[in-house]
Structures are given as C-alpha cells and as structure tokens.
Amino acid sequence: MAQNSQETDTSLQRAIDYQEHALQAGGVSKAGSTLMAVAGSAPAYSIAASTALLIGAAGVGAPAALLWCGIPMLGIAFAFSHLARVDSHAGASFSWVARGLHPILGFLAGWAVVISATIFMVAGALPAGQMTVALFAPDQANNTLLVTLVGSIWFLVMAAAVIFGVHTTERAQWIMSIIEVGILVVFAAIAIPRAITTYHHGETFSWDWFGFGHLSSGGVFVAAALIAAFYYWGWDVTANLGEETKNAHKTTGAAGILGIVIVFILFEIYTTTTLVMLPGKTIEANSGNVLTVLGDAIMPGIGGKILIVAVALSTIATLETTLVQVSRTLFAMGRDRTIPFAFGRINRKWKTPVFATLVVVIVSLLLFVLANVFGDSVGQILGWAISSIGLQIAFYYSLAGFALIVGFRKVLFTSVKNFLLIGLWPFFGAVFMMYIFFAAIPNNEPVVNILGLGLIVIGVIPLAIFYPKAKAAYFSRRPLEVPEDFSA
C-alpha cells in the first residue's frame, strides 16, 4: 500500500510539473513543421560546407554516398515517425530511448543531441559570418576573427527569435527558408541543362556514380557516410517540437520524412553538377564554400553572389532550428530532473525555455572564442566539427532506431507494412548508423574523437550527480505503450 501511494504521488507530481512547465501547444502548423525539417537539414549550408569534404573523401562516389546514406536515414525517419505517434515529447530520443531500451541510454542519446547541436553552433555560425563578410568585404572572408564576430551577431539574433516564442521562430523560418530553397531550385533548373550541354570542366558524368563501386574501400565508405550523415542531420527538429505542433502524433513524423526527400533531391543535384562543372583543384581550393564558385559557373557574373545569399540564409535558419532542438532537449532533461531543474522552466509570457536557451548561447559564444584560438582556419574548424558531429548523430539515431524495434516488437509481424516500415527499414537504419559510428573511430583524427566521443562520455557525470533527483521523474518511466492494432 505504501509503495502504491508513493507511485501515485510521483505520478501526480510529474503531471503537475508537465502542466506548469508546458510549451505552447499548437504553435507550429503542419506546413511549418515540414519547413522546419528542411531548414534543419540546411540544404544550401550543407552543400556549401560539406561538398568539398565529401568529394575529397569519396571522389565521384559522392552521389552514391548521399544515396546509400539517405536510404538508412529514411529508416531512422520512419522510426522517429512511429515513436512520435505514441510519445510526442520535447526530448524526443531522450524519452523514446529511455522507454524503449533503458533510461541511461536515453539520457546519453539526449546528451548526444545537446553536444552535437552545441558544437554545430560553431560549425554554423562561422559560415554565417563568412558569407556575410564575403558579400560586403570579399578580401576579408578568411579573417577568422571578423568571421567569428559577425557569426556571433547572427547567432544572437536567432537566439532572440527562439526566445520570443515558437510563432516568431516559425515566421522567421518561412521568410529565410522559402527564399533559400527558391534560389536553390532556380539554380538547379539552370545548372542541369548547362552541365549537360555547355559547361563541363570537371568529370564526365556516369550513372555508376550512384553505384557502390566507388565506395568499395571500407575506409572510403565510412568516411563518406559520416559526412553524408551530417548533410541530412537536422530534420529531426520536428520531433523536438512535438509538444508545440498541431496534431503532432501524425504531423512531426510525416514532416521529417518529407524534409529528407526534399533535401536528398537538392543534395544529389548539386553534388553531381559540382563534379561535372568544376575541376577537382577548384573544388579543393574552395572547400569552405564551393557553392559560390559553382554559382558563378551556373550564372556567370552574379550567380556566386546570389548563392552566397542562399547560404547565408540557410546557415542563419539552421542556427535557429538547432537552437530550438538543443533548448527543447535541455528543457525536457531539466523537467525530468536529469540536469538542474532550472532548465525545465519556461517563460510564462513566451512559453519558451529561456534559461536553457541562454545557457546554450553563453556556451556557444565561448566555443566561438576557443575556435578562434585553436583553429588555424575556418575550413579546419568546419572539418573537425562536421566529423565529430557525424559520430554523435550516428550514436543517437541508432539508439532511436533500436528503441523502436524493441518498443514495438509486439506489432512488428502483424502486417507486411508493419514489418517493413516499423521493423526491417528502421532496423537497417539503426545497424547502419551503429556501424559507421564504430568503424569511423580508428580512422578519425584525435581531435575528432575527443570532440565526438569524449563529450558523450562526459554525460556520465551529470547522469551520476542527478540520478537521485531523477529517479522518480525519469528512471521510473513506463515502457512504450503501443496499441495491438497499431499500423504503420
């Protein structure tokens, strides 16, 4: 009787906490959720910052790397979609992995989201600064100090948009992302016929670029897959907005899947046209932003400037979505008392986790300074950040995929559709992500492993410190409850 009474008190306290510290329900529309998924993957930024790295790792196998990483990534998106249908939670993987596998793994999954997003503040703010400087003072585009300063200003502007409410966040995304994607679509429509007919200074196109032959070496495949994972990463911000999205149990998952499909098409077009239109030396020499050079090739005279605008908007937009993702994850962790409860409080006026957001802002600004001190160039900083984030992405995506398999095991074989979309495809995605996680470690630079793995391991410290306080709120979480007639 005493134990039942204690469990009832715990459940009641948890319900009160969730009610008092609730985000703005229904603040994000279905269209807005899809937009967030696209903005989270930041197509223009990803193409600009990662294409040279991907081509450097895989050569003409770069389109194949995006394809063969995109297929398992869709499996992870299906996993997120189904998990969100039974648990729309601001912590997303933090909650799902805890309920599907184990709370300790759930905490580490949430911690990996926090770490990867925080590192990305450097990887994202630097190009935002670089693109802005390139527009107004091209000769200073490689001035790391100036780039960092301007990037920090953009970062603070986006932090304000996140703090002032999810409606403000969504409106800002509509403006930035529509312009960005519109520019990319127009340039893609011009680039394809131009690459086929007139402008061809790179490789001769072949359909075998999409096959596995150019990735046959294990080292090449793993390195390319890790970079490709970074390309796609960010679509899952829709899951972290689950408590703030209309009809979230259906909307967030569909938005994430649609977002991946949209950016996949853009990634493949621009990677392929880069290989065809630009010589290898040009790609290597412009590793920090190959999209500007490609823009000049597509539309001589003004194309580079226009695509700089697209990259700047993309970078600024994804800074905002990443801030949303990390602040909501920290909010969920604080609300469940796995970190200080202050992170789980919201501002009553704006219905946003202001404290969590401000902490991220302060830490990120400190990282900007450290990046300036220890990084020799913007390109080097980006390379380290992208590879380390790739490890963390693979870690928490794989755990979410396995959480689905375990949590939904009773319905996996109730239909062919369930077996494929809840079982086989997400399982393949989870295994793929786990494989590239472990296979990449021996070949990484030490600084990449320190950032990628060491910062995940540090999560054990808050886990141990706050375990007593979180025991009732988090470590006693009920398993995933899936209806027996659940259908994919």
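**Ground rules and confidence**

Because this is a predicted model, local features need pLDDT of at least 70 and side-chain atom pairs count only at pLDDT 80 or more, while totals for chains, interfaces and linings use all residues. Residues are numbered from 1 along each chain as its sequence is written, and side-chain values use heavy atoms, with hydrogens and water left out.

The pLDDT (the predictor's confidence in each residue, from 0 to 100) averages 88 over the chain, and 93% of the residues score at least 70. Residues 1-9 are another story: the pLDDT there is below 50, and the stretch has zero contacts in the model beyond near neighbours in sequence. Contact here means heavy atoms within 4.5 Å. Where pLDDT is low, the predicted coordinates should not be read in detail.

**The core**

Start on the inside. A nonpolar core is a set of buried Ala, Val, Leu, Ile, Met, Phe, Trp, Tyr and Cys residues joined through side-chain atoms within 4.5 Å. Buried means under 20% relative accessible area, exposed means over 50%, and partly exposed is what falls in between (1.4 Å probe, protein chains only). The largest such core has 165 residues, and Leu291 and Tyr397 have the most contacts inside it. Helix α6 (residues 103-136) gives the most to this core, with 20 residues. Helices are DSSP runs (H or I, at least four residues), numbered from the N terminus.

What does Tyr397 touch, leaving aside its neighbours within four places in sequence? Its contacts are Met73, Ile76, Phe80, Trp233, Gly234, Trp235, Asp236 and Met433.

Leu291 is one of the buried residues of helix α13, together with Val290, Thr292, Leu294, Gly295, Ala297 and Ile298. That helix (residues 290-298) is mostly covered, as seven of its nine residues are buried. These buried residues pack against α3 (43-58), α8 (166-197), α11 (248-277), α12 (280-285) and α14.

**Ser50 and Tyr231**

Helix α3 holds Ser50, which is buried at a relative accessible area of 0%. Not counting residues up to four places away in sequence, Ser50 touches Tyr45, Ile227, Phe230, Tyr231 and Ile386.

Tyr231 sits in helix α9 (residues 218-232), and it also counts as buried, because its relative accessibility is 0%. Beyond residues up to four places away in sequence, its contacts are Ser41, Ser46, Ile47, Ser50, Thr51, Leu54, Leu66, Phe267 and Thr271.

**Salt bridges**

Side chains of opposite charge can pair when their charged atoms come close. The cut-off for a salt bridge is a side-chain nitrogen of Lys or Arg within 4 Å of a carboxyl oxygen of Asp or Glu. The structure holds four of them, and the table includes these:

| Asp87 | Arg99 | 3.4 Å |

Asp87 is buried at 9% relative accessible area, and Arg99 is buried at 8%.

Glu243 is in the loop between α10 (237-240) and α11, with Arg335 in helix α14, so here the parts tied together are 92 residues apart in sequence. Both Glu243 and Arg335 are buried.

As for the remaining row, Glu481 is exposed, with a relative accessible area of 53%, whereas Arg478 is partly exposed at 46%.

**Out on the surface**

Which residues form a nonpolar patch on the surface? They are Phe413, Val416, Phe419, Leu420 and Leu424, with about 520 Å² of accessible area together. Patches are made of residues with over 30% relative accessible area and no salt bridge, with like charges joined within 9 Å and nonpolar side chains (Val, Leu, Ile, Met, Phe, Trp, Tyr) within 5 Å. The areas come from the Shrake-Rupley method with a 1.4 Å probe, and for residues only the protein chains shown count as cover. Val416 is found in helix α17 (residues 416-440) and counts as exposed at 63% relative accessibility.

Lys349 belongs to the loop between α14 (303-335) and α15 (354-374). Its relative accessible area of 69% makes Lys349 exposed. The C-alpha atoms of Lys349 and Phe164 are separated by 8.7 Å, although the two are 185 residues apart along the chain.

Terms used: Helix = DSSP H or I, 4+ residues; strand = E, 2+ residues; numbered from the N terminus.
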